[in-house]
Amino acid sequence: MSFFSRIRAFLSFKKSSKKEEPSPPDSLKQIKIAMETLRKKSDTLSDSFKEEKLFLSRLNEIVRSIKKEDNPTAIKFEQDILEKITSASADCSKAIITNSNEELKKSLRSLDFSIKQRCAFKEED
């Protein structure tokens, strides 16, 4: 075996032995998972949060109906939604402890606005 054929054999072995790393989940999939988790978390809120629970269920249904878009603007909206879900989740945790709904209401309105932006973008295409 010549020197070059050994190098080719080695290089082809290295290429075939590389493990493909799993791609990170797309942002829309992350949103759907995070939104469902937030909705489930809201189930632990007291009965005085009935309105917020219904609102979260409605937002969850809307999020589940959003279709994937490969446009960078849509992805930017999706990143904003993920941030708002994180904020709403933190406020939900606070509401569970303090039984106060003002911060939770604000974060839910903000989340709703971001979801509407993403949905409006979808309709324009």
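Visitor: What percentage of the residues of the protein count as buried?

Guide: Of the 125 residues, 30% count as buried. Buried means under 20% relative accessible area, exposed means over 50%, and partly exposed lies in between, with a 1.4 Å probe and protein chains only. The model is predicted, so local features need pLDDT of at least 70, side-chain atom pairs count only at pLDDT 80 or more, and totals for chains, interfaces and linings use all residues. Residues are numbered from 1 along each chain as its sequence is written, and side-chain values use heavy atoms, with hydrogens and water left out.

Visitor: How many helices and strands does the secondary structure come to?

Guide: The protein has 5 helices and 0 strands. From the N terminus on, the order is α-α-α-α-α. Helices are DSSP runs of H or I with at least four residues, strands are runs of E with at least two, and numbering starts at the N terminus.

Visitor: What makes α2 roughly parallel to α4?

Guide: Two packed helices are described by the angle between their axes and the distance between the axes. Helix α2 covers residues 27–42 and helix α4 covers residues 72–98. Their axes come within 10 Å and cross at roughly 15°. That angle makes α2 roughly parallel to α4. The cut-offs are under 35 degrees for roughly parallel, over 145 for roughly antiparallel and 65 to 115 for roughly perpendicular, with the rest oblique. Axes are lines fitted to C-alpha atoms, for helices over the stretch in contact, and angles run from 0 to 180 degrees between N-to-C directions.

Visitor: What is the handedness of the crossing of α2 and α4?

Guide: The crossing is left-handed. The label applies if the near helix is turned anticlockwise from the far one by less than a right angle; clockwise gives right-handed.

Visitor: Which residues in α2 and α4 meet?

Guide: Among them are L28, I31, A34, M35 and L38 in α2, and Q79, L82, I85 and C92 in α4. The residues of this contact divide into 12 nonpolar, 6 polar and 2 charged. Contact means heavy atoms within 4.5 Å. Ala, Val, Leu, Ile, Met, Phe, Trp, Tyr, Cys and Pro count as nonpolar, Asp, Glu, Lys and Arg as charged, and the others, Gly among them, as polar.

Visitor: Why are α2 and α3 called roughly antiparallel?

Guide: Helix α3 covers residues 50–65. α2 and α3 pack at an angle of about 160°, with their axes 9 Å apart. The pair is therefore roughly antiparallel. α2 passes α3 in a left-handed crossing. The residues that meet include I31, M35 and L38 in α2, and L56, L59 and V63 in α3. By class, this contact has 6 nonpolar, 3 polar and 5 charged residues.

Visitor: Why does I85 count as buried?

Guide: I85 is in helix α4. Its relative accessible area is 3%, so I85 is buried. Leaving aside neighbours within four places in sequence, I85 contacts I31, A34, M35, L38 and L111. I85 and S107 are 22 residues apart in sequence, yet 8.3 Å apart in space, C-alpha to C-alpha.

Visitor: Why is D91 called buried?

Guide: The relative accessible area of D91 is 9%, so D91 is buried. D91 lies in helix α4. Beyond its neighbours within four places in sequence, D91 is in contact with E103, L104 and S107.

Visitor: How many disulfides does a search of the whole structure find?

Guide: The search finds 0 disulfides. A disulfide is a pair of cysteine sulfur atoms within 2.5 Å. C92 is buried at 0% relative accessible area. C119 counts as buried at 14%.

Visitor: What is the phi of N99?

Guide: N99 has a positive phi of about 65°, although it is not a glycine. N99 is in the loop between α4 and α5. Its relative accessible area is 47%, so N99 is partly exposed.
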